[in-house]
Amino acid sequence: MSEQLKAVKGMNDILPPESARWEWFEATVRRVMQRYAYQNVRTPLVEPTPLFVRGLGEVTDIVEKEMYSFEDKLNGDLLTLRPEGTAGVVRAVNEHSLLYDGPKRLFYVGAMFRHERPQKGRYRQFHQVGVEALGFPGPDLDVEVILMARALWRELGLSDVRLEINSLGQPAERLAHRAALIAYFEAHADQLDEDARRRLHSNPLRILDTKNPTMQALVEAAPKLIDHLGEASLAHLEGVKAALTAVGQPFTINPRLVRGMDYYNLTVFEWVTDRLGSQGTVCAGGRYDGLIEQIGGKPAPAVGWGLGIERVLALLEDSGATVPTVVPDVYAVVPDAAALPQVIATLELLRAQGVTVQMHAGGKDGQGSFKSQFKKADASGARHALIFGADELAQGMVTVKPLRDAAAAQVQRPLAELASWGAGLRAPGAEA
Ligand code: ATP
Ligand code: MG
């Protein structure tokens, strides 16, 4: 036997029964997006490398060390598997002039790729839901997207996520803060780790985001960007705070909250949980008014977020949430293989009524005993078994046996009425 092939490290298969959880989650996401009138976009998994270098910034974790970049062997193009969704969406919006007739509210669901050290909540292929509201300048939209995440937590039955917000101000304010930050860290150079020393002059703001425990006290006492904000930036932040307060959404201001990408300004936020260890950020985002122009589009403000699906699902699992399982309505017991053509035709009519049907499929040695077919019917979780016995079929009848209700008796029904019986099963208010 040849060597067994395995999936790439940090990239996971999502298989049943786990995949049911994903499908349920994604259906919930689409429902919430619809309520807020956000439209779906699907962009390629591969983009030109310069899109991310220009869009995210050269001195970012992603661009420095996490991108799967390669040269197209056939034409030498430099390509990258998308590490995040925003840059691609903005590229598409520019390329197709999507904002020509006004702002747009968009969302996506899909795989992202980052070469990180795999651990719980951190993978090399992972999946995000993202929303991007493009063309809206005001804090009302910052709050709208924040509340969409809250709606999702509610719909999923999650309560252990809290909201942290901050403002990164405008570029000029960041520059003033940057100078103060460099002076402060230079004065404490002996306490900086290697990463921080490297970033001191290239991207000092990112030092605040360090996960190194020995630097926490130093970073805690560093100059705060919020103290360098001008009137307009403060007013924007106040707008966000007022609306959050009005809708009863608690939040904390976290002055150390900076985002991994360079493109953010003004409002940034994270939804975090204490239940997932150091991978506790389940959803993160903010305003990125400069990005559209930075990658060659007509300037327009924008705000959005990205959510890590694996982390939300882990949180759901940790909080013991039960996912509605899908079981067949009907399991078809077919004792005699000769009846199969007729049975298959009948089951198609049932499925056309929306009924979930699992047909017993025989093995090499035929259909299997009546008893073993019943065992399988029971194990399938189906509500009813349909027994297509040869004698009954000859009389145009089929036996319907309830499997989940011991008190209910089995009855014979005419085959001709089976489709309308099935329609009744799926009707609103039909007993589950
Ligand atoms: P972290 O600080 O945890 O590395 P990040 O700032 O790099 O996160 P973003 O780029 O903002 O993350 O992505 C948005 C969300 O996507 C994160 O909050 C997280 O839930 C999820 N996420 C990011 N990277 C990964 C990964 N490698 N595996 C699983 N989920 C991820
Ligand atoms: Mg990261």
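Which residues does Arg 114 touch, not counting residues up to four places away in sequence? In this predicted model, Arg 114 touches Ile 62, Glu 66, Tyr 68, Pro 83, Glu 84, Tyr 123, Arg 124, Phe 126 and Gln 128 once residues up to four places away in sequence are set aside. UniProt, in an unreviewed entry, places the feature "domain: Aminoacyl-transfer RNA synthetases class-II family profile" at residues 1-335, a span that is 35% helix and 20% strand and whose end C-alpha atoms lie 38 Å apart.

**Positions listed by UniProt as binding site**

- Under "binding site", the unreviewed UniProt entry lists Glu 84, Gly 85, Thr 86, Arg 114, Gln 128, Glu 132, Arg 259, Tyr 263 and Tyr 264; from this set, Arg 259, Tyr 263 and Tyr 264 are taken into the lining of the second largest pocket.
- Arg 114 is placed in the loop between β5 (104-113) and β6 (125-134), and with a relative accessible area of 14% it counts as buried, because the cut-off for that class is under 20%.
- Gly 85 lies in the loop that runs between β4 (78-81) and α4 (86-95), where its relative accessible area of 5% makes it a buried residue.

**Packing of α1 against α11**

- Helix α1 (residues 18-35) packs with helix α11 (residues 309-318) at an angle of about 110°, the two axes being 11 Å apart; α1 is therefore roughly perpendicular to α11, since angles of 65 to 115 degrees fall in that class.
- The residues of this contact divide into seven nonpolar, no polar and three charged.
- On the α1 side the contact is made by Arg 21, Trp 22, Trp 24 and Phe 25, which meet Ile 309, Glu 310, Val 312, Leu 313, Leu 316 and Glu 317 in α11.

**Backbone geometry**

- Most residues other than glycine have a negative phi, and most peptide bonds are trans.
- The peptide bond from Pro 16 to Pro 17 is cis, with omega near 5°, and Pro 17 belongs to the segment before α1.
- Ser 97, although not a glycine, has a positive phi of about 45°; Ser 97 is found in the loop between α4 and β5 and is partly exposed, with a relative accessible area of 42%.
- Leu 266 likewise has a positive phi of about 45° without being a glycine, but its place is in strand β9 (residues 265-272), and Leu 266 is buried, with a relative accessible area of 6%.

**Surroundings of Gly 286**

- Gly 286, found in strand β10 (residues 281-287), is buried, its relative accessible area being 0%.
- Not counting residues up to four places away in sequence, Gly 286 touches Tyr 264, Thr 267, Val 268, Phe 269, Ala 302, Val 303 and Gly 304; one of these, Tyr 264, is also among the positions that UniProt lists for "binding site".
- The C-alpha atoms of Gly 286 and Asp 142 are separated by 7.2 Å, although these two residues are 144 residues apart along the chain.

Terms used: Residues numbered from 1 in each chain as written. Chains lettered and ligands numbered in written order. Predicted model: local features only at pLDDT ≥ 70, side-chain atom pairs only at ≥ 80, totals over all residues. Heavy atoms only, no water. Axes fitted to C-alpha atoms, helices over the stretch in contact; angles between N-to-C directions. Helix = DSSP H or I, 4+ residues; strand = E, 2+ residues; numbered from the N terminus. Parallel < 35°, antiparallel > 145°, perpendicular 65-115°, else oblique. Contact = heavy atoms within 4.5 Å. Nonpolar A, V, L, I, M, F, W, Y, C, P; charged D, E, K, R; others polar. UniProt positions renumbered as here; feature names shortened; annotations may be inferred. 1 Å grid on protein atoms, 1.4 Å probe; cavity = no way out; pocket = protein on both sides within 12 Å on 5 of 7 lines; lining within 4 Å. Buried < 20%, exposed > 50% of the residue type's maximum accessible area, 1.4 Å probe, protein only.
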